[in-house]
Amino acid sequence: MGIDFPMEGELIPSATVVDPTCWIERRPMQVLLAESDKQSGEDLRLALLRHGYEMEVADSGASALRSYEEFDLILLDLELPDIDGLEVCRTIRQSSDIPIISFTGQGAEIDRVLSLQAGSDDCIVKPYGLRELIARINAVMRRASPSVRRDRVMSFGTLCIDGEGRQVYLDDEPVKLTRKEFDLLHLLASQPATVFTREQLMRQIWGVKPGSGSLAGGLTRTIDTHASSIRGKLGSSEWIITVRGVGFRFGG
């Protein structure tokens, strides 16, 4: 990857803390690295682990496309062995706004421009320093989903939703949600008296603009699928209520 690592012992404090109001240990950020060089990928995984991140490595574009929905951030090397990194980025952007930081070994401006046009939130030219990467990760994550407040823990009986840590606990047990499932549940729970239309949810969670034609293309069914999945993982249909002919509201 061409990373300049800091000296041993030079650490950024871990983001994992315990919130006593809900007995939640906030999980580290989950990062997916698409990188074909196994040694470079392992070096970066260990470096980020020391700074409070958890990372898995996908050694191909196909592998990254199969698993990206389970993560909070994607680090995408554009030089992959099977699928061009730009195409991987475009494919992800068709259905997700998960933050993506791409890496290119080419210093030419056109390579960075193509990366951003494909949907990357940022592009780093190799080699780069670990401090720079962490600073760019923090900047990208600050810009992600700015319309949803994530700085507090919400409790509804046995259900706890930690916005900052992006974690859900039910009966003190963690519930594993995908990024979009969490965003949907968090938005509904943050305004429990509000009934959200599908159009509002597509705009706020999926970033679909009114009049874009995407809603008519069947993307609204994605909301029903995500709501059904959340209900299954929470073990009850009462957490998300369907308001017939209107949309959805939180049921806690």
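**Exercise 1. Describe how helices H3 and H4 pack in this predicted model.**

Step 1. Locate the helices. H3 covers residues 85-93 and H4 covers residues 109-118.
Step 2. Take the angle and the distance. The helices pack at about 25°, and their axes lie 8 Å apart.
Step 3. Classify the angle. Angles under 35 degrees count as roughly parallel. H3 and H4 are therefore roughly parallel to each other.
Step 4. List the contact residues. H3 supplies Leu86, Cys89, Arg90 and Arg93, while H4 supplies Leu114, Ser115 and Ala118.
Step 5. Sort them by class. The contact has four nonpolar, one polar and two charged residues.

**Exercise 2. Find the span of helix H5 and its buried residues.**

Step 1. Count the residues. H5 runs over 130-143 and has 14 residues.
Step 2. Compare spans. From first C-alpha to last, H5 reaches 20 Å, close to the 20 Å expected at 1.5 Å a residue.
Step 3. Pick out the buried positions in H5. They are Leu130, Leu133, Ile134, Ile137, Ala139, Val140 and Met141.

**Exercise 3. Work out what builds the largest nonpolar core.**

Step 1. Start with the members. The core has 27 residues, and Ile161, Val168, Leu185 and Leu234 touch the most other members.
Step 2. Find the largest share. H6 gives six residues.
Step 3. Follow one member. Beyond its neighbours within four places in sequence, Leu234 is in contact with Leu159, Val168, Leu170, Val175, Leu185 and Trp239.
Step 4. Look elsewhere. A second, separate core has 19 residues, among them Leu33, Leu44, Tyr53 and Tyr128.

Key
Residues numbered from 1 in each chain as written. Predicted model: local features only at pLDDT ≥ 70, side-chain atom pairs only at ≥ 80, totals over all residues. Heavy atoms only, no water. Core = buried A, V, L, I, M, F, W, Y, C linked by side-chain atoms within 4.5 Å. Buried < 20%, exposed > 50% of the residue type's maximum accessible area, 1.4 Å probe, protein only. Helix = DSSP H or I, 4+ residues; strand = E, 2+ residues; numbered from the N terminus. Contact = heavy atoms within 4.5 Å. Expected span 1.5 Å × (residues − 1). Axes fitted to C-alpha atoms, helices over the stretch in contact; angles between N-to-C directions. Parallel < 35°, antiparallel > 145°, perpendicular 65-115°, else oblique. Nonpolar A, V, L, I, M, F, W, Y, C, P; charged D, E, K, R; others polar.
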